[in-house]
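Student: I would like to learn how to read pockets and salt bridges in a protein model. Could we go through one together?

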Amino acid sequence: MAVTAHPKLDANRLRADFPIFEQSINGKPLAYLDSAVTAQKPRQMIEAMSEFYETSYANVHRGVYALSERATAAFEGARQRIRALISAPDAREVIFTRNATEGLNLVAYAWGLTNLGPGDLVLVTELEHHSNFVPWQYVAKRTGATFQMIPLGDQGELELGALEYIAREGRVRVVATNLVSNALGTVNPVEELAAWSHEQGAIMVVDAAQAAPHRHIDVQALGCDFLAFSAHKMCGPSGVGALWGRTELLEAMEPFNLGGHMIRKVEFEETTWGDLPHKFEAGTSPIAEAVGFGAAIDYLNNIGFDAIERHEHELTAYALGRLGELPWVELYGPPADRRAGIVSFNVVGVHPHDVAQILDFDGVAIRAGHHCCQPLMRKLGVAATNRASFYVYTIPEEIDRLVAGLHKVKKSLG
Ligand SMILES: Cc1ncc(COP(=O)(O)O)c(C=O)c1O
């Protein structure tokens, strides 16, 4: 008999961990199908933060008293959990940030402003979230580098065949992509792109905001140079995220934020920078949030990322099947076997905001908008889409309620 590392995930049982589901919305049980924007929080994570505040709270890396040492140990314990989560070689390469966006800005500013110039090429993708698009566009403009997109094919997947002619436009110095697209759920070929980037002499920057909550990540196997993600999308608190980078790159980079904690020595004439990771952690850190981040990682590890991925795959295949039966629903993105638990669609002739509002009357929460992917919306020829996204607590009945709600939409507005 085949032995799997983790048993199949029981979403009905896991829902009991999430206090948010104890309420009803508009008189109906909450069907939260918007986990890609932010995930709900398990009691275990909330309690870990409360306990930390009640018993161990102090500033970190500052005091020599017992409480500060205890707080520092908890904070650094969280860093160790993040290191293990992404198989980073060294915890000093893990930098606490506010979120994925800040991590990506850190790289664009602290690496890009020093290393880019005219004749250089900065490559993002056509399905990039604005967080990994706008910072690179901005820094390319400021440094005189050329900014270009890897185009998307019809099924919402990157056209790697275009790389060869794009590379003729300059010296490729940066390739920035998400591992999983927040708008289409596409899983991007990061390993292949990382190998190509290095052949070109470029760095590979990965936005893992939609990947880290849902799949096992190994930065060494991916072969990337930087990888950023947020705690709030993976059952952790808002206000904290992580950036991983290779030691030699981080050490060679200028700091991003300046002030307390990130220095070695300050004199009137000159200031020198502290060691990694402190050089990039100016000011008081998100201390309790980091502890909550660590607790969220423990929670997800207990479920098992293989079980999480399998569960979401089943939900995605089910949702694509059910939505595919509705001829008046347009679906975007690749087939279920090549995407994560995200389904984007439109009800033909009905504005996505109206769709989301009608679903909300029945307690079904989905996203409507451009998903911070305006270049992708342009490619799809739409202003916005609806998006349903799934997580460990999502059950197939909620997809049935989504489909029932869409029938109502069709009846009243279609
Ligand atoms: C793919 C992707 N990248 C980056 C972000 C930005 O994450 P945050 O707002 O936590 O910085 C998001 C958030 O939706 C995302 O989906």
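Student: How much space lies in the largest pocket?

Tutor: Rolling a probe the size of a water molecule over the atoms shows where empty space is left. In this predicted model, the largest pocket holds about 290 Å³ of space. Its lining is made of 21 residues, and those closest to the centre are T101, H129, S131, Q210 and K233.

Student: Which helix gives the most to the lining of the largest pocket?

Tutor: Helix α4, residues 100-115, does, with 3 residues. Sorted by class, the lining has 10 polar, 7 nonpolar and 4 charged residues.

Student: How many salt bridges does a search of the whole structure find?

Tutor: Side chains of opposite charge can pair when their charged atoms come close. Here the search finds 21 salt bridges. One of them joins R98 to E102, with 3.5 Å between the closest N and O atoms.

Student: Is E102 buried or exposed?

Tutor: E102 counts as buried because its relative accessibility is 16%, and buried means under 20%.

Student: Which residue forms a salt bridge with D400?

Tutor: R322 does, and the closest N and O atoms are 2.9 Å apart. D400 lies in helix α14 (residues 396-413) and R322 in helix α11 (residues 305-324), so this pair ties together parts that are 78 residues apart in sequence. D400 is partly exposed, at 28% relative accessibility, and R322 is partly exposed as well, at 23%.

Student: Which residues are linked in a network of salt bridges?

Tutor: K28, D362 and K408 are linked in such a network.

Key. Residues are numbered from 1 along each chain as its sequence is written. This is a predicted model: local features need pLDDT of at least 70, side-chain atom pairs count only at pLDDT 80 or more; totals for chains, interfaces and linings use all residues. Side-chain values use heavy atoms; hydrogens and water are left out. On a 1 Å grid over the protein atoms alone, a cavity is a set of points where a 1.4 Å probe fits but cannot get out, and a pocket is an open set with protein on both sides within 12 Å along at least five of seven lines; lining residues have an atom within 4 Å of a point. Grid points are joined across faces, edges and corners, and a volume is the space filled by probe spheres set on the points. Helices (H or I, at least four residues) and strands (E, at least two) are DSSP runs, numbered from the N terminus. Ala, Val, Leu, Ile, Met, Phe, Trp, Tyr, Cys and Pro count as nonpolar, Asp, Glu, Lys and Arg as charged, and the others, Gly among them, as polar. A salt bridge is a side-chain nitrogen of Lys or Arg within 4 Å of a carboxyl oxygen of Asp or Glu. Buried means under 20% relative accessible area, exposed over 50%, partly exposed in between (1.4 Å probe, protein chains only).
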